[in-house]
Amino acid sequence: MVTQEQIAQKLGISRQLVTFALAGYPQVSKASRERILAAAKKMGYRPNPHARALKKGRTSIIALWIPDQISSHYTRVARELNHLAKQAKHELIVTDVGNDRSAEQVLSHVPMDGVFAVDAPNAVRAHLQSATSRAIPVISLGAHRPTKTDYVQVDLQAGAGEAMQHLISSGFRRIVHATFERKEKSGTGRRLAYEQAMRQAGLKPEFFYYPLSEQQRPIVRQSIQEYVQKHGCPEAIFCHSDDVAIGIYRGLRDLNLRVPQDVALVGCDGIQDTEYLESPITTLMQPVEEMCATAWQFLLQRLENPDMQRQHKVLKPELVIRESTRRSLQA
């Protein structure tokens, strides 16, 4: 590993001058700084994050915890947060915490300033019970609403209720919910909103279950065909995510079923892929940019003032109605 001392020796200058130039001290002349930075780049110098943490008390490294690397939505969140981090000259480390590992397992050995946790309540609870919880603040994002961290919640339960009212008011009665969440895990969010809307309308809830998988779209494409062949064709399907909605869409088309003439379809997340189908899919558009920008500001404020009151904001997704549920407009 190239050191600052080696750079100084190469250029015939003091190590202190190299340190000041690399740290951006204003007293270093522009010419000297450019010369030192050019030499550091050529020699392959990389700052030691541990040493930087000891000197500054900050590492400029942020962790991002996501439940899995399956969902296109989480990829989009990671991309947006990484963009914000780069703008602020920080680094973002992404970790999959889907197996509910302990805080010791999900916390990187690299020193960090804070954590963004997206739909990862179990990992957050484990972290809050650890010895590092005070030193490393967590900002929770997504559908969950924790009580012991700053959070930016997206109220998917309210959004799902709106989506269900859209389907029911459009005249659909046999509406299936496509989800990986089994009944024993129900309690909040999309599934609960679906059940409540169906019962309030005097309709019977019906579920199409699928496993989470890295091959999510192909799996639900095949599974929905088996479901329809066994149980018949529902009038509408409300999907837990857009990835699942796209897989179901293709599976229905494999059976020569039309969307929305034979089956209406609603997704959740608002990923771009839903727009690029023969019948673009109605979806709950999550406010990813606003969620991430708010979470970033919360983290900066928490780092500046660790003892401030809890910060929180609740956002609502937008129901974007497209051709996949506009049966009345179809010939």
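In this predicted model, asparagine 256 is located in the loop that connects helix 11 and strand 9. Although asparagine 256 is not a glycine, its phi is positive, at about 65°. With a relative accessible area of 65%, asparagine 256 is exposed, the cut-off for that class being over 50%. The loop between helix 11 (242-254) and strand 9 (264-269) also holds proline 260. The peptide bond that leads from valine 259 into proline 260 is cis, and its omega is near 10°.

A positive phi is also found at lysine 89, a residue other than glycine, where the value is near 60°. Lysine 89 is placed in the loop between helix 5 and strand 2 (91-96). The relative accessibility of lysine 89 is 75%, and the residue therefore counts as exposed.

Helix 5 (residues 72-87) packs against helix 12 (residues 288-304), in that their axes come within 10 Å and cross at roughly 45°. The crossing of the two helices, helix 5 and helix 12, is right-handed. On the side of helix 5, the contact is made by His73, Arg76, Val77, Glu80, Leu81, Leu84 and Ala85. These residues meet Val288, Glu289, Met291, Cys292, Ala293 and Trp296 of helix 12. Sorted by class, the residues in the contact of helix 5 with helix 12 comprise nine nonpolar, one polar and three charged.

Aromatic side chains were examined next. With ring centres within 6.5 Å taken as the criterion, the count comes to six aromatic pairs. One of them is formed by tyrosine 194 and phenylalanine 207, whose rings lie 5.5 Å apart from centre to centre, with 70° between the planes. The arrangement of tyrosine 194 and phenylalanine 207 is edge-to-face, because an angle over 60 degrees places a pair in that class. Tyrosine 194 belongs to helix 9 (residues 189-200) and phenylalanine 207 to strand 7 (residues 206-209), so that the pair links distant parts of the chain, 13 residues apart. Both tyrosine 194 and phenylalanine 207 are buried. Ring pairs also join Phe180, Phe208, Tyr210 and Tyr227 into a cluster.

Note on methods. Residues numbered from 1 in each chain as written. Predicted model: local features only at pLDDT ≥ 70, side-chain atom pairs only at ≥ 80, totals over all residues. Heavy atoms only, no water. Axes fitted to C-alpha atoms, helices over the stretch in contact; angles between N-to-C directions. Helix = DSSP H or I, 4+ residues; strand = E, 2+ residues; numbered from the N terminus. Left-handed = near helix turned anticlockwise from the far one by under 90°. Contact = heavy atoms within 4.5 Å. Nonpolar A, V, L, I, M, F, W, Y, C, P; charged D, E, K, R; others polar. Phe/Tyr/Trp six-rings, centres within 6.5 Å; stacked < 30°, edge-to-face > 60°. Buried < 20%, exposed > 50% of the residue type's maximum accessible area, 1.4 Å probe, protein only.
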